[in-house]
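The following note sets out numbered points on the model shown below.

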Amino acid sequence: MEKQKNIMEIDTVALDDENSAIVIIDQTKLPYETTLISLTTQEEIWNAIYLLQVRGAPAIGVTAAFGIYLAAKQIEKDESVHTYIEFIERWIKAKDYLNTSRPTAVNLSWALNRMQRICEQNAEKPLKQIVTLLHDEAVEIQEEDIRVCKAIGEYGLSLVKPGDGLLTHCNAGQLATSKYGTATAPMYLGHERGYHFRIFADETRPLLQGARLTAYELQSSGLDVTLICDNMSATVMRNGWVNAVFVGCDRVAANGDTANKIGTSVVATVAKRYNIPVYICAPTSTIDMSTPTGDQIHIEERPAHEITEMWYKERMAPEGVKVFNPAFDVTDHDLIAGIITEYGIARAPYIESLKAIFHQKTQENQ
C-alpha cells in the first residue's frame with residue numbers, strides 16, 4: 001500500500017504540460033480532504049482563483065502565468081490563427097479575463113504583465129516559439145518564487161532568536177506559494193536549524209485560512225503551533241508569549257502601507273500597544289510602487305454567505321441582516337517594523353527604503 005503523502009510533499013500549483021492542465025490542491029477542502037484538481041479551461045482557472053481553491057498572492061501569480069501560457073498554447077493550435085496580430089488579440093482577451101479573478105493581490109497582474117512582455121519582445125518570432133518562451137517564463141516565475149521565499153526566510157530569521165514566540169495571521173505559508181511561504185519561511189528555516197519556535201496562528205475569520213491551512217501545514221511539518229481565535233491575539237501578547245509577528249501581504253503601497261487578509265491591521269495595532277515588532281514578508285512582486293498609499297488599494301468584498309452560513313450546519317445570522325465582508329484591510333506603515341523582501345529588509349521611511357530595494361534589484365539583475 002502506497003504511503004499517503006504529507007501535504008508539504010505535494011506541489012501547491014503544478015503544470016501538467018502533457019495534458020495542457022494546471023494541477024492544484026483544492027484548498028477549500030483542507031484540512032479534512034486533500035484533493036488535487038486539474039484545470040484545463042480559462043474559466044476553470046478563473047474560478048479556481050476567485051473561489052480560493054488556489055490562493056495566496058505568489059501562488060495566484062504562478063497559476064496566472066501557467067494559465068495564460070496554456071491559453072497561448074491553445075490559440076497557437078487554432079488553424080484560423082496565422083499572424084502575430086491574430087494571436088495577440090485573442091491572447092490579450094484571455095489575459096484581461098484572468099486578471100479580473102482577484103482585484104487586490106498585485107501578483108496576479110504582475111505575472112500576467114510579465115508574460116505579456118515576453119509576447120511583445122518576441123513579436124517577430126514564429127508563434128510556436130513565442131509559446132515556448134511563454135512556457136519557459138512561467139516555469140521561471142515558479143522557480144523564482146521558491147528562491148524568493150527562501151531569501152525572505154533567511155532575512156526574517158535574522159530578526160528573531162531560538163525559542164521565540166511568533167504570531168501569524170491568515171496563510172502565508174507553503175500553501176500560498178511554491179515552497180516555504182513568505183511569513184512562514186523564517187519558521188520553516190528555523191525549524192530545520194533547531195530554533196524551537198512557539199507559533200501562534202490566528203484562525204483568520206471568516207474563511208479560516210489560519211485554522212484550516214496554516215495550523216494544518218505547520219503541524220504537518222512538526223512545528224510547535226497553537227491555534228487561537230482572532231480576538232485572542234491581545235491576550236497572548238499581553239502574556240508575553242509573542243516576540244514578533246510575521247504576516248504576508250497581497251499588496252504593498254509605495255509609502256509602506258500594506259493590504260493583507262482582514263484582521264491584519266487589528267493584529268498590528270495590538271502589537272504596537274505591547275511593543276512587539278510586526279514584519280511584513282513581501283516579495284518585490286507584491287510591492288506596487290505605482291500605488292502611493294493604502295487608500296488607493298482596491299479592497300475586494302466577498303459574498304455575505306461566508307459570514308452568515310458558510311461554516312455552519314444551520315444559518316447563524318438572521319435572514320436579511322446587512323453584511324459587510326471585505327477580504328482585506330490596510331495596515332498603516334507606522335505600525336510596521338519592517339518589510340522583508342528577497343533583497344533585504346526595508347525600514348521607515350518606506351518611500352526611500354523601498355526605492356532602494358528596487359534599485360538593488362535592478363543592479364543585481366543587470
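1. Two strands are taken to pair if DSSP finds at least two bridges between them; helices (H or I, at least four residues) and strands (E, at least two) are DSSP runs, numbered from the N terminus. In β2, the residue bridged to Asp16 is Ala21. That bridge belongs to the pairing of β1 with strand β2 (residues 21–25), which is antiparallel and extends over 4 bridges.

2. On provenance, the model is predicted, with local features requiring pLDDT of at least 70 and side-chain atom pairs counted only at pLDDT 80 or more, whereas totals for chains, interfaces and linings use all residues. Residues are numbered from 1 along each chain as its sequence is written, and side-chain values use heavy atoms, with hydrogens and water left out.

3. The strands β1-β2-β3, in that order, form an open sheet of 3 strands with antiparallel pairing. Its edge strands, each pairing on one side only, are β1 (13–16) and β3 (36–39). From one strand to the next the twist averages 25°; axes are lines fitted to C-alpha atoms, for helices over the stretch in contact, and angles run from 0 to 180 degrees between N-to-C directions. Helix α2 lies across β1, β2 and β3 and runs at about 15° to β1, contact meaning heavy atoms within 4.5 Å.

4. Strand β9 (residues 258–261) pairs with β12 in the antiparallel sense, over 4 bridges, and the partner of Asn260 in β12 is Asp329.

5. Helix α3 (residues 84–98) packs against helix α4 (residues 106–121) at an angle of about 175°, the axes being 11 Å apart. The two helices are therefore roughly antiparallel, a label given to angles over 145 degrees, while those under 35 count as roughly parallel, 65 to 115 as roughly perpendicular and the rest as oblique. On the α3 side the contact includes Tyr84, Phe87 and Trp91, and on the α4 side it includes Leu108, Leu112 and Met115. By class the contact has 10 nonpolar, 2 polar and 2 charged residues; Ala, Val, Leu, Ile, Met, Phe, Trp, Tyr, Cys and Pro count as nonpolar, Asp, Glu, Lys and Arg as charged, and the others, Gly among them, as polar.

6. Grid points are joined across faces, edges and corners, and a volume is the space filled by probe spheres set on the points. The largest pocket holds about 360 Å³. Its lining comprises 20 residues, with Arg114, Glu144, Val148, Glu342 and Lys361 nearest the centre. Helix α5 contributes the most to this lining, with 6 residues. The lining residues divide into 8 nonpolar, 6 polar and 6 charged.

7. How many cavities of 30 Å³ or more does a search of the whole structure find? There are 2. The largest cavity has a volume of about 190 Å³, and among its 21 lining residues Arg55, Gly56, Ala57, Asn171 and Asp250 are closest to the centre. Helix α2 gives the most to the lining of the largest cavity, with 3 residues. The second largest cavity holds about 50 Å³, and its lining includes Arg205, Pro206, Lys261 and Arg302.

8. Most residues other than glycine have a negative phi, and most peptide bonds are trans. The bond from Arg205 to Pro206 is cis, with omega near 5°, and Pro206 is located in the loop between β5 (198–202) and α7 (209–220). Ala348 and Pro349 are also joined by a cis peptide bond, with omega about 0°. Cys170 has a positive phi, near 65°, and is placed in the loop between β4 (165–168) and α6 (185–192).

How values were computed. 1 Å grid on protein atoms, 1.4 Å probe; cavity = no way out; pocket = protein on both sides within 12 Å on 5 of 7 lines; lining within 4 Å.
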